[in-house]
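Please view the sequence and the model before reading on.

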Amino acid sequence: MMNLKNGIPVNIFLKTVINQKEGNEEFLYEITGQVARVGHNLYVRYEEPQPDGVSFSPVTIKIYPDQSVQLIRTTAEARVRLHFQYQETTETIYKTPYGSMFFHVYTQDLQISLTDHPMAGKVRVNYELLMQDEKIGTYEVYLKFTA
């Protein structure tokens, strides 16, 4: 795991759109985080505000040289690790206190742009989450960071 003390502080704009049977939700955040390069991978780390308005969930976005992305979110109740590869389906396990649930993640679109001077970047992921071949919903994550 990376040492966040060596990370570069960044300002983050985060937009998440959730489309499920129950309806649509959109979340916008302007927060601070850190970026660190470890080996060939770039890590963006931040704390995402939770709906209760009080707690935060640590999130790590790992950007690989092959332009795939991994998103790791940990809450008090669960841990999820999503791997996004352009127009591919990957498997994930959602770990909860009640056991593990298995999902498939289909990445419809994945766009990454990074610059070194200044350290900045954009990551946009559109994906579907499926459980036993049933679509749970479609999601969009847009993350923009600048040092």
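How many cavities of 30 Å³ or more does the count come to? The count comes to one cavity of 30 Å³ or more.

## Basis of the report

The model is predicted: local features need pLDDT of at least 70, side-chain atom pairs count only at pLDDT 80 or more, and totals for chains, interfaces and linings use all residues. Residues are numbered from 1 along each chain as its sequence is written, and side-chain values use heavy atoms, leaving out hydrogens and water.

## The cavity

Rolling a probe the size of a water molecule over the atoms shows where empty space is left. On a 1 Å grid over the protein atoms alone, a cavity is a set of points where a 1.4 Å probe fits but cannot get out; a pocket is an open set with protein on both sides within 12 Å along at least five of seven lines; and lining residues have an atom within 4 Å of a point. Grid points are joined across faces, edges and corners, and a volume is the space filled by probe spheres set on the points.

The largest cavity holds about 30 Å³ of space. Its lining consists of Ile61, Val69, Leu71, Phe84, Val123, Val125 and Val141. This lining divides into seven nonpolar, no polar and no charged residues (Ala, Val, Leu, Ile, Met, Phe, Trp, Tyr, Cys and Pro count as nonpolar, Asp, Glu, Lys and Arg as charged, and the others, Gly among them, as polar).

## The largest pocket

The largest pocket has a volume of about 740 Å³. It is lined by 27 residues, of which Ile18, Glu48, Arg73, Tyr94 and Tyr139 are the closest to its centre. The lining comprises 17 nonpolar, five polar and five charged residues.

## Aromatic pairs

Five aromatic pairs are found in a search of the whole structure. Rings of Phe, Tyr and Trp (its six-membered ring) pair if their centres lie within 6.5 Å; planes under 30 degrees apart count as stacked, over 60 as edge-to-face and the rest as tilted. The pair of phenylalanine 27 and tyrosine 29 is stacked, because the ring centres are 6.5 Å apart and the planes stand at 5 degrees.

Tyrosine 127 and tyrosine 139 also form a stacked pair, with 5.1 Å from centre to centre and 20 degrees between the planes. Ring pairs link Phe84, Tyr127 and Tyr139 into a cluster. Tyrosine 127 is buried at 8% relative accessibility, and tyrosine 139 is buried at 11% (buried means under 20% relative accessible area, exposed over 50%, partly exposed in between, with a 1.4 Å probe and protein chains only).
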